[in-house]
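Reader: I'm new to this one. Please pick a single spot, walk me through it closely, and then show me what lies around it.

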Amino acid sequence: MHLVLFFIFGGLCVAGALNLLFQRHPINSSLSLIVVMSSLAVLYLLLGAEFLAAAQVIVYSGAIMVLFTFVIMLLNAGREERTHGSKAAYIVGFPGAAALFALLAYVFLTNGKYLGGARLGDYLVTTSDLSRVLFHDLLLPFEVTSILILVAILGAVALARKEH
Amino acid sequence: MVPTSYYLVLSAILFSIGVAAFLIKRNIISVFMSIELMLNAVNLTFVAFAHQWHQVSGQIFVFFVMVVAAAEAAVGLAIIIAIFRTRNTLNVDQVDLMKL
């Protein structure tokens, strides 16, 4: 059951990511990125991270991707054209990414026997577990991130404002 | 039972696709989206290891990455809007000078 769900949603993830790579229109890329993030939320649920699955749907595929789609529509971004630089990027990009994947997969698969496996429901982090650590041991970093968000909002407003 | 290494290999696939998209895409918004894809791949690794070692701290890491990614997306998209205002293009090949 777990394996079947993993392959369905992992395959959906990879298909969405490949669609992001090969679509030339940014709106198609952003919609396929939403597919990737939503199926990653299901994988988080399989790994027993229920709060993160909800936060993934709300924050990533909700807020961040809506912001992306909004900016794409605001700037009226069309199909990207092939330029001089894209040829060099094709020559370097695909072999480089394939080499990186080969290295990572080799390391993970050779050391995979030292790691165990994940069964459905053998480890579940509830929201109260997570919040106990977050608000008890890590209260200061949590508050610092709220200041970070505030600074980011101010910076975004200052950057996107029309200059007079 | 799914071995943890399967999750790690899946995140390696997603990360490599993100690297390839980062290098190949010419539209500045698509480049930014591929950065988000790489962040998500690393988040999957954190969650898989948190499940493997039964530690909550891996999920705490993912939570903070999400917060920072939200801040980064807001600032980055504002920068993209500012670039589009001054240069009227979204192509990264035409945005290769620090000044106009």
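Author: Our spot is A:Thr69, which is partly exposed because 17 other C-beta atoms lie within 10 Å. Bear in mind that this is a predicted model, where local features need pLDDT of at least 70, side-chain atom pairs count only at pLDDT 80 or more, and totals for chains, interfaces and linings use all residues. As for the names, residues are numbered from 1 along each chain as its sequence is written, while chains are lettered from A and ligands numbered from 1 in the order in which they are written.

You'll find A:Thr69 in helix α3 of chain A, residues 50-74 (helices are DSSP runs of H or I with at least four residues, strands are runs of E with at least two, and both are numbered from the N terminus). Skip its neighbours within four places in sequence, and A:Thr69 touches A:Ile27 and A:Ser30; contact here is when C-beta atoms, placed from the backbone, lie within 7 Å. A:Asn28 is 41 residues away from A:Thr69 in sequence, yet their C-alpha atoms are 9.7 Å apart.

Now zoom out. Chain A has 6 helices and 1 strand, in the order α-α-α-α-β-α-α. Of its 164 residues, 25% count as buried. Its C-alpha trace spans about 55 × 40 × 25 Å along the principal axes. Among contacts in chain A with a separation of 6 or more, 60% link residues 24 or more positions apart.

Chain A also has a partner: 74 of its residues are in contact with 58 residues of chain B. On the chain B side, β1 (2-3), α1 (4-24), α2 (28-53) and α3 (57-87) each supply at least two residues, and α3(B) gives the largest share, 20 residues. That side of chain B has 43 nonpolar, 11 polar and 4 charged residues (nonpolar means Ala, Val, Leu, Ile, Met, Phe, Trp, Tyr, Cys and Pro; charged means Asp, Glu, Lys and Arg; the others, Gly among them, are polar).

Strands pair if DSSP finds at least two bridges between them. There, A:Ala118 stands opposite B:Val2.

Key
A residue is buried if 20 or more other C-beta atoms lie within 10 Å of its own, exposed if 12 or fewer, and partly exposed in between; C-beta atoms are placed from the backbone. Two residues are in contact if their C-beta atoms, placed from the backbone, lie within 7 Å.
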